[in-house]
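This report describes one protein chain, from its overall fold down to single residues. The sequence and the structure come first.

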Amino acid sequence: MRDAGLDVRVIEGDTYDLIAAADLALVSSGTATLECALLERPMVIVYRLGPLSYGLGRLLVRGVRYIGMPNIVAGREVVPELLQRQATGPRIAAAARALLDDPARHAAMIEDLRDVRRRLGRGGAAGRAAAIAFEMLEGGRG
């Protein structure tokens, strides 16, 4: 595909190899963030819902500070999260450039994701991540 002077290849059905080869991923929240974390790929989480859906979700899920699984598992922000009004083109580009232009920051995120991977252990990581998220939800309902 050729558009605006860019040579772009569309690749389908090879998600893990594609993520592993990327310098950075822009990812919506969910399982994809956990997959990127397990592959130790730096990312920016971008998530935007309709205002009503987001408001209802916030009412139902209290006490959870982060939306991205890598951050939930780490218990701190290791991956930037751009939510709702923060999820704009300029902010996404700025967050991506901040990682791509700063090798030390990029390497630090890889190390943080490596720690997330260690916390999840081998095999069944998605189940353990879900259990961690469930514990946090239960703790926030007190």
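## Basis and overall composition

A residue is called buried when its relative accessible area is under 20%, exposed when that area is over 50%, and partly exposed in between (1.4 Å probe, protein chains only). By this definition, buried residues make up 32% of the 142 residues in the protein chain. The model is a predicted one: local features need pLDDT of at least 70, side-chain atom pairs count only at pLDDT 80 or more, and totals for chains, interfaces and linings use all residues. Residues are numbered from 1 along each chain as its sequence is written, and side-chain values use heavy atoms, with hydrogens and water left out.

The protein chain has 7 helices and 5 strands. Helices (H or I, at least four residues) and strands (E, at least two) are DSSP runs numbered from the N terminus. Read from that terminus, the order of elements is β-β-α-β-α-β-α-α-β-α-α-α. Among contacts (heavy atoms within 4.5 Å) in the protein chain with a separation of 6 or more, 58% are between residues 24 or more positions apart.

## Nonpolar core

In soluble globular proteins, nonpolar side chains tend to be buried together. A nonpolar core is taken here as a set of buried Ala, Val, Leu, Ile, Met, Phe, Trp, Tyr and Cys residues joined through side-chain atoms within 4.5 Å. The largest such core has 29 residues, and the members that touch the most others are C36, M43, V44, V78, V79, L113 and V116. At least two residues of this core come from each of β3 (25–27), α2, β4 (43–47), α4 (69–74), α5 (89–100) and α6. With residues up to four places away in sequence not counted, V78 touches P70, N71, M109, D112, L113 and V116.

Helix α2 (residues 31–38) has T33, L34, C36 and A37 as its buried residues. Viewed down the axis of α2, these fall within an arc of 160 degrees, so they line one face of the helix; the arc is that of the directions from the helix axis to the C-beta atoms. E40 follows α2 and has a positive phi, near 55 degrees.

## Salt bridges

Side chains of opposite charge can pair when their charged atoms come close. A salt bridge is counted when a side-chain nitrogen of Lys or Arg is within 4 Å of a carboxyl oxygen of Asp or Glu, and the whole structure has 6 of these salt bridges. One of them joins D101 and R97, at 2.6 Å from N to O. R97 is partly exposed, with a relative accessible area of 46%.

Within helix α6 (residues 103–120), R114 and E111 lie 3 residues apart, about one turn of the helix. Their salt bridge has its closest N and O atoms 3.1 Å apart. R114 is partly exposed at a relative accessible area of 30%, and E111 is also partly exposed, at 37%. R118 counts as exposed, with 52% relative accessibility. Through shared partners, salt bridges join E40, E111, R114 and R118 into one network.

## Individual sites

E81 belongs to strand β5 (residues 81–83) and is buried, at 10% relative accessibility. A polar atom of the E81 side chain lies 2.9 Å from the backbone nitrogen of G68. Such a polar contact is a pair of N or O atoms within 3.5 Å; within protein, one must be able to donate a hydrogen and the other to accept it, and residues adjacent in sequence count only if both atoms are side-chain atoms. Apart from neighbours within four places in sequence, E81 is in contact with I45, Y66, I67, G68, N71 and Q86.

H106, in helix α6, is buried at 15% relative accessibility. Setting aside neighbours within four places in sequence, H106 has contacts with D23, P42 and L99. G75 is in the loop between α4 and β5 and is exposed, at 55% relative accessibility. The C-alpha atom of G75 is 9.8 Å from that of V64, a residue 11 residues apart from G75 along the chain.
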